[in-house]
Amino acid sequence: MKAWQFTTVGKPLTRNDIPEPEGGTGEIVIDVKAVGLCHSDVGFLDGTLTSLLPFRPITLGHEIAGVVASTGPGARRFAVGDRVAVPAAIEGPGTSSNGGFQPKVAVRENLAIPLPDGIAWDQAAAATDAGLTSYHAMIVQGAVTAGTKVGVIGFGGLGSLGAQIALAVGAEVFVVEKNEKVHVFARELGVTDVAADMAAFADKKLDVIVDFAGFGTTTNAAVEAVRRDGRVVLVGLGVGEGTINLQALTLNQVMLIGSQAGTPEDCQAVLQLIADGKVTSRITHIGFDQIGDGIGKLERGEVIGRLVVLYD
């Protein structure tokens with residue numbers, strides 16, 4: 001079968017012929033129905049995240065949803081024909097083993113979760129990374145509940161999901177996004193207000209601000225704008241280092257919290273919100289042959305929402 005594989009830092013993905021996988025002990029083999037493209041894939045190619053990959057060439061693609069095609073020895077949690085999703089994890093496919101940029105993938109069965117009926121493949125794939133990451137940031141690290149006044153910085157694939165998750169639990173949402181082309185989309189979702197700069201909401205006494213951009217200046221703006229005893233959750237890593245107004249952080253007793261990925265339970269919670277019609281990823285479909293070009297578009301910042309490959 002064909003697979004899009006990482007070989008060397010600084011070079012694009014290579015399309016190679018590889019054998020179809022067989023399920024080892026405790027593994028299932030999944031017929032991939034949808035796989036998402038992620039900025040982490042760009043990080044593997046440019047060297048930022050390459051240290052996470054245990055071997056090369058390796059097939060990337062860590063946002064996987066599909067159907068169980070076979071089960072290996074000792075694998076008993078799933079049966080052939082079951083719909084499953086694979087929450088993104090460092091120890092999972094696309095990072096520690098061959099991932100979903102190939103039609104079939106072998107996965108440790110303990111890493112997969114059941115996929116409820118009625119959820120489209122593309123939405124399920126996006127939920128495995130962008131969805132669980134946004135949920136973990138909002139609900140777990142941000143402690144957002146009904147009535148919370150939430151600021152969302154960055155309204156890309158993660159930020160738009162985070163806003164929807166906050167709205168789904170009854171929070172009041174204020175969005176900060178420099179790209180005014182997506183302001184209409186934010187308002188259509190039902191957020192209270194949208195602006196290009198956090199300064200516009202400095203008087204709102206926001207309880208929580210989640211920074212999905214992470215450009216240093218954005219995190220500092222959140223620290224300066226959040227209410228006293230509020231919390232700022234940092235998800236995005238637009239830059240590796242930033243400068244924070246320590247006076248504002250200290251005198252206002254601001255809690256600055258990092259948030260990275262999430263848990264299978266977070267993914268299941270997002271899938272339920274999708275099933276209930278409360279959360280939807282904004283998705284652009286591409287074909288298998290376009291994966292290489294899709295990674296390039298991500299690198300150049302040309303993608304709004306999520307890119308998802310649908311397999312025939």
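Start by selecting strand β10, residues 172–176. Four of its five residues are buried, so the strand is mostly covered. Bear in mind as you go that this is a predicted model.

**Stop 1: the neighbours of β10**

For one of the pairings, show Val150: its bridge partner in β10 is Val173. Now trace the chain from β9 to β10. The path goes through helix α3, residues 157–168, and this β-α-β crossover is right-handed.

Next, select strand β11, residues 193–195. β10 and β11 are also paired in the parallel sense, over three bridges. Show Val175, which stands opposite Val194 in β11.

**Stop 2: helix α3**

Is α3 enclosed or open? Nine of its twelve residues are buried, so the helix is largely enclosed by the rest of the structure. Color the buried ones: Gly157, Gly159, Ser160, Leu161, Gly162, Ala163, Gln164, Ile165 and Ala166.

Then step past the end of the helix to Gly170. This residue follows α3 and has a positive phi, near 95 degrees.

**Stop 3**

Zoom in on Gln164, which lies in helix α3. Its relative accessible area is 7%, so Gln164 counts as buried. Which residues does Gln164 contact, leaving aside its neighbours within four places in sequence? They are Leu189, Lys278, Val279 and Thr280.

For a second residue, move to Val140 in helix α2. Val140 has 39% relative accessibility and counts as partly exposed. Leaving aside neighbours within four places in sequence, Val140 is in contact with Tyr135 and Asp266. Now draw a line from the C-alpha atom of Val140 to that of Leu53. The two residues are 87 apart along the chain, and their C-alpha atoms are separated by 28 Å.

**Stop 4: two packed helices**

Select helix α1, residues 39–46, together with helix α8, residues 291–299. How do they pack? Their axes are 9 Å apart, at an angle of about 95 degrees. That makes α1 roughly perpendicular to α8. Show the side chains where the helices meet. From α1 come His39, Asp41, Val42 and Leu45; from α8 come Ile295, Leu298 and Glu299.

**Stop 5: a three-stranded sheet**

End with another sheet. It is open, with three strands in the order β2-β1-β4 and antiparallel pairing. Which strands form the edges? They are β2 (14–17) and β4 (58–59), each pairing on one side only.

Select β1, residues 2–6, with β2. Four bridges join these antiparallel strands.

Notes: Residues are numbered from 1 along each chain as its sequence is written. This is a predicted model: local features need pLDDT of at least 70, side-chain atom pairs count only at pLDDT 80 or more; totals for chains, interfaces and linings use all residues. Side-chain values use heavy atoms; hydrogens and water are left out. Two strands pair if DSSP finds at least two bridges between them. Buried means under 20% relative accessible area, exposed over 50%, partly exposed in between (1.4 Å probe, protein chains only). A crossover is right-handed if, with the strands pointing away from the viewer, the path from the first strand over the helix to the second runs clockwise. Axes are lines fitted to C-alpha atoms, for helices over the stretch in contact, and angles run from 0 to 180 degrees between N-to-C directions. Angles under 35 degrees count as roughly parallel, over 145 as roughly antiparallel, 65 to 115 as roughly perpendicular and the rest as oblique. Contact means heavy atoms within 4.5 Å.
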